[in-house]
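Please read it alongside the sequence and the model.

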Amino acid sequence: MSNQIEVIKAGVDYYPEHWDRSIWESDIELMLKSGVKVVRLAEFAWSRLEPTEGKYDFEWLDDIISRLTKAKLEIILGTPTSCPPVWMYRKYEEVRHTEKSGLKTATGIRGHRCWESPVFLKFSQKIISQMAKRYATNSNIIAWQLDNELESNSCNCDNCTSAFREHLKKKFNGDIKKLNLAYGLDVWSGEYSNFDEIITPIGAQYKPGWLNPSYMLEHARWASESTAKFVDFQIATIRKEIPKAFITTNSCFTAHTPDFHKIFDRLNVAAYDNYPSLYKAEDGYPNADRGFILDWVRGLKDDNFWLLEQVGGSFGCWAPISPAPKPSMMDGYAWQAVGHGANLIMFFRWRTATKGAEMFCHGLLEHHGIPGRRFNEFAKFCTELNALEIPTDTVIKSDVALLYSSEQDFAFRVQEMSAGFTYRKQVELLHSAFRGIGVNVDVINESADIGKYKVVLLPTHFVSDDLVATKLEKFVSDGGTVVITNRSGVKDKHGACLMHKLPGDFAKICCVTVAEYDAIGEDTVPLIVGDKKYTASTWNDILELCGAKAYAIYDGEYYKGQVAASKNFFGKGTAYYLGTVGDMAFYRDLAIEISSDTKITHDITIPKGLDVITRNKGKTKYTFIFNNSYTECEYKRMTFKPFESKVIIL
Ligand code: GAL
């Protein structure tokens, strides 16, 4: 059994506290009829569970849990810590999150608590313990979800300031001079006399790029660790009552994404909230290539995963209402997720709210509650999924690993390199080039073992880590192929620039150095590989070869004729260095060359937008094909209507 369940299942996120009890029973009947197996409850219900300080009301939760249990629907129970009740804020000011402006976040929103506050932790501990004690013996509760969409700690209150200072003290063994030196705080007279002078990045001047990047990088690390500590606290609280509790949390990508590799190391299964964009991109294709995200989630624990929220309708709340999911998108995106390793797909949400901020974040059922097109697609998905009984221990085999690092993401977030240059973009370009020709890619942590792969992609290793360089050197010597991209080897672990020629530690395996660079941002320069023409943009390293062969040449600018990318044979393997950001065709052709050279099975006939991926168990292969496009396409003599998906079992 993998991930707690034996066969892949579908479920729904349900908020019984928002509805009159008279409709609970018919909701459950409809869930059963549509093939739902799991229901998530309670992650925002604190005010209904503890209406006044210390007075708990579990009657309604007991009631719905017992009805779901009777119906043999399994349950995921959320800890409600994302939304503490208003009475707590009024009485205990310190539980409120403090904004960058220094002002306290107003009540009425969610996620506005500070988990460095001892008062907040005391109340959290009590409510979580109450829930865990009460439901400890209910075997129908298959898992616990911690909080909701945890982000790195962005609070700036006194408790957070103290915690950040402690973190820095520990890092620099209490020696403030070492910190001043490491961060270069003599620049702009920023030196501290003692740790108590340090504050979190707060104030009107706050803007990445204006504040010291080393300090900002360390703050990002602390903020992520603070979240991990909160996760540890919740796990310990639940496990005190239920030692074997199966625990996860619903992650998502935001501007404050913490290091989820570290967070899920502590949890039983990686989980994600999957909301593919419902907008069209400029090229006329969907904006959403969820393949990357899904592979990233699978890489968090190097295992299959759960989706605790899956798009159930058009969004609307923090932004104008999005377009509706087009016909077949509802089940198409769900099948795509299954293909990439999802073992449980929980749709958000069962009913569309009639009240509150999210009344237009559409659920499966409209406001009137009568099943319509979206609901029918969802029910069709559930029925087909249940009929297939796909084992959860089916695995995706990959020859290509993409090394992902939150550390690099943090460093990029606090200091922009050139217009449009983000860590995520670099990562996705390499990922989609291989996925476009049907090659599986494991998106794994930079520190993970790479021995079993044929090809390793290392996008933008900005903050150096000797272990990564040493690992890659061995990997290439032993016959592996690596692709390393620009802005690698730039900084030391404190975020200061290293005084070496780039790409630093990687110059040895790549046999190339960067003579100069041109941060062209959204401008473009023609690029040539052999007799093929492409476009370079974003960031152009001008390379000097010291043993490597030229792979790509600039055909414009003052560096026309100079090297943009190189290829080097080192030991028994090959190292590519990409000094520029090419267009998609450039990456695709590179992926084809590498896959051919390393004898990785690939398929250049896959039409654009079609996602083809296989899960294996023994000799059985489950292949999932999803047409993520607005146009019909043909593949292997099969026709795929827009957003149509097929499952082929061999
Ligand atoms: C998710 C969140 C849900 C709900 C949903 C709306 O990010 O976890 O609680 O807000 O978005 O689309």
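Arg110 is partly exposed at a relative accessible area of 29%, a class lying between buried (under 20%) and exposed (over 50%), with a 1.4 Å probe and protein chains only. The model is predicted, so local features need pLDDT of at least 70 and side-chain atom pairs pLDDT 80 or more, while totals for chains, interfaces and linings use all residues. Residues are numbered from 1 along each chain as its sequence is written, and side-chain values use heavy atoms, leaving out hydrogens and water.

**Salt bridges**
- Arg110 and Glu358 meet through their side chains in a salt bridge (3.8 Å, N to O), the term meaning a side-chain nitrogen of Lys or Arg within 4 Å of a carboxyl oxygen of Asp or Glu.
- Because Arg110 lies in the loop between helices H4 and H5 and Glu358 in the loop between strand E8 and helix H12, the pair ties together parts 248 residues apart in sequence; helices are DSSP runs of H or I with at least four residues, strands are E runs of at least two, and both are numbered from the N terminus.
- Glu358 counts as buried, at 15% relative accessibility.
- Glu428 and Arg424 form a salt bridge (2.6 Å, N to O), and these residues stand four apart in helix H14, separated by about one helical turn.

**H14 and the second largest pocket**
- H14 gives the most to the lining of the second largest pocket, with nine residues; on a 1 Å grid over the protein atoms alone, a pocket is an open set of points where a 1.4 Å probe fits, with protein on both sides within 12 Å along at least five of seven lines, and lining residues have an atom within 4 Å of a point.
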